[in-house]
Amino acid sequence: MHAGQLSDVPQALELGEFRPEQDCLFVSGQNCLVSRGVTRRFTLPISETDSLASHLQQVLDDEAEENDGHAIAFGVVPFCKQQQAQFIIPEQVSTLDKQLFAQCLSAQHTSAQKPNRLQSVHYKQDRTHFEQTVRDAKALFADGELDKIVLSKQVDLQFEQPLDQVGVLAQLLAQSPSGYHFSIPSQLHDADTEQEAGVLMGVSPELLLRKSEGQIFSNPLAGSIPRDPCPSVEAQRRSTLFTSKKDRYEHAVVLQDMAQVLGPLCSELHIPEQPDLLSTATMWHLSTVIEGTLTTPQQPAIALANRLHPTPALCGKPTALAYQHIDTLEGHGRGLFSGIVGWCDNQGNGEWVVVIRCGYLQANLATLFAGAGIVAASDPSSEWLETEAKLNTMLNALDVQHAYHLATKHTL
């Protein structure tokens with residue numbers, strides 16, 4: 001395995017075409033980690049943080065001995081900690097400029113590809129179900145059990161022909177210039193069935209953890225509002241979000257939990273007193289950048305990320321109690337959705353983001369996911385509309401936003 005910096009299109013094309021069913025992509029800032037082929041694919045239990053880190057470290061150390069002292073693994077950690085994390089050690093990994101990779105992907109994706117034609121839409125939780133779960137969750141707040149819980153929904157989009165996965169990825173890169181793009185071949189495990197292998201693809205706005213040497217960074221998001229094309233409405237929505245007591249409380253709950261986890265591990269930990277606003281192509285979020293210096297610099301990134309996962313931003317507060325209620329309220333497992341995805345190397349460095357604004361693509365089927373943080377002040381109808389807005393990232397990438405909303409107009 002080797003990692004090289006490629007600087008122009010002809011060099012990048014030497015990698016050959018990007019094949020989502022077996023190659024990995026992780027984009028951070030202007031840098032793309034792009035893999036080619038699979039040397040090894042394996043799973044590891046995630047219920048015990050230190051065990052996961054030690055087992056993965058051993059695999060990476062063994063791989064590094066055969067590859068000039070360096071090894072890297074791409075991985076996906078599911079939401080449910082009774083499931084297995086999935087890892088891939090690639091045959092080759094290269095570092096590319098994001099713009100360069102996007103150009104290569106566009107060149108690979110030709111206009112001869114047929115458009116993705118939507119055939120049917122099936123909610124795993126329809127609007128009535130979702131809004132009732134919000135009411136049920138608010139009853140838990142009334143009893144004093146919970147401060148926050150994150151409720152989600154999944155929707156299956158069936159298409160007339162196999163999806164153009166390269167085209168979807170190219171659209172994600174073009175439409176969402178910010179965020180952490182990812183494409184990872186994986187196996188989606190369901191409570192009732194084990195589906196065929198597919199590709200987990202999306203652009204997450206939320207950095208759970210980046211570790212470089214002894215420094216760590218995190219950028220939790222909690223509190224959201226849809227964007228609007230009208231500048232005056234957009235300005236009003238930004239102001240509404242920033243001054244919203246409900247959203248500021250939701251955000252504060254997340255920061256408090258992360259400080260409790262990271263504080264004992266750091267000699268220095270900086271958490272700003274006020275959040276910022278972060279925009280994606282479709283949403284505004286309350287955002288806080290956390291920076292820290294580890295007391296023990298050699299701690300692996302995956303151990304720290306798994307210690308944080310799942311955060312109140314994806315689960316709730318108290319996290320353990322919210323976690324117990326989620327499966328009952330939602331009615332089925334989340335699989336890889338609201339897990340974490342990223343990479344780590346044998347030096348303990350790595351970068352992990354939360355699995356949101358994404359879809360699981362396989363043959364003619366795209367399963368999309370969206371969630372919303374529920375607190376005592378939440379309105380069931382507003383929370384449903386927020387989850388619908390969050391689906392737009394993938395609907396736009398699939399180029400079926402209009403067709404989707406026509407098919408589901410009775411739910412809006």
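Asp-61 sits in helix 2 (residues 49–65); helices here are DSSP runs of H or I with at least four residues, strands are E runs of at least two, and both are numbered from the N terminus. This is a predicted model, where local features need pLDDT of at least 70, side-chain atom pairs count only at pLDDT 80 or more, and totals for chains, interfaces and linings use all residues. Residues are numbered from 1 along each chain as its sequence is written, and side-chain values use heavy atoms, leaving out hydrogens and water.

On the surface, Asp-61 gathers with Asp-62, Glu-65 and Glu-66 in a patch of negative charge. Such patches take residues with over 30% relative accessible area and no salt bridge, like charges being joined within 9 Å; a salt bridge puts a side-chain nitrogen of Lys or Arg within 4 Å of a carboxyl oxygen of Asp or Glu.

## Strand 10 and its partners

Strand 10 (residues 207–212) runs antiparallel to strand 11 (residues 215–219), with four bridges joining them; pairing takes at least two DSSP bridges. Strand 10 also pairs with strand 19 (residues 350–354), again antiparallel and over four bridges.

Arg-210 has Phe-217 as its bridge partner in strand 11 and stands opposite Glu-351 in strand 19.

Most residues other than glycine have a negative phi, and most peptide bonds are trans. Still, the His-309 to Pro-310 bond is cis, with omega near -5°, and so is the bond from Lys-317 to Pro-318, with omega near -5°.

Phi is positive at Ser-338, near 60°, and at Asp-399, about 65°.

Technical notes
Patch = residues over 30% accessible without salt bridge, like charges linked within 9 Å, V, L, I, M, F, W, Y side chains within 5 Å. Areas by Shrake-Rupley, 256 points an atom, 1.4 Å probe, with all protein chains shown as cover. Lys, Arg positive; Asp, Glu negative; His and termini not counted. Charge placed at Lys NZ, Arg CZ, Asp CG, Glu CD.
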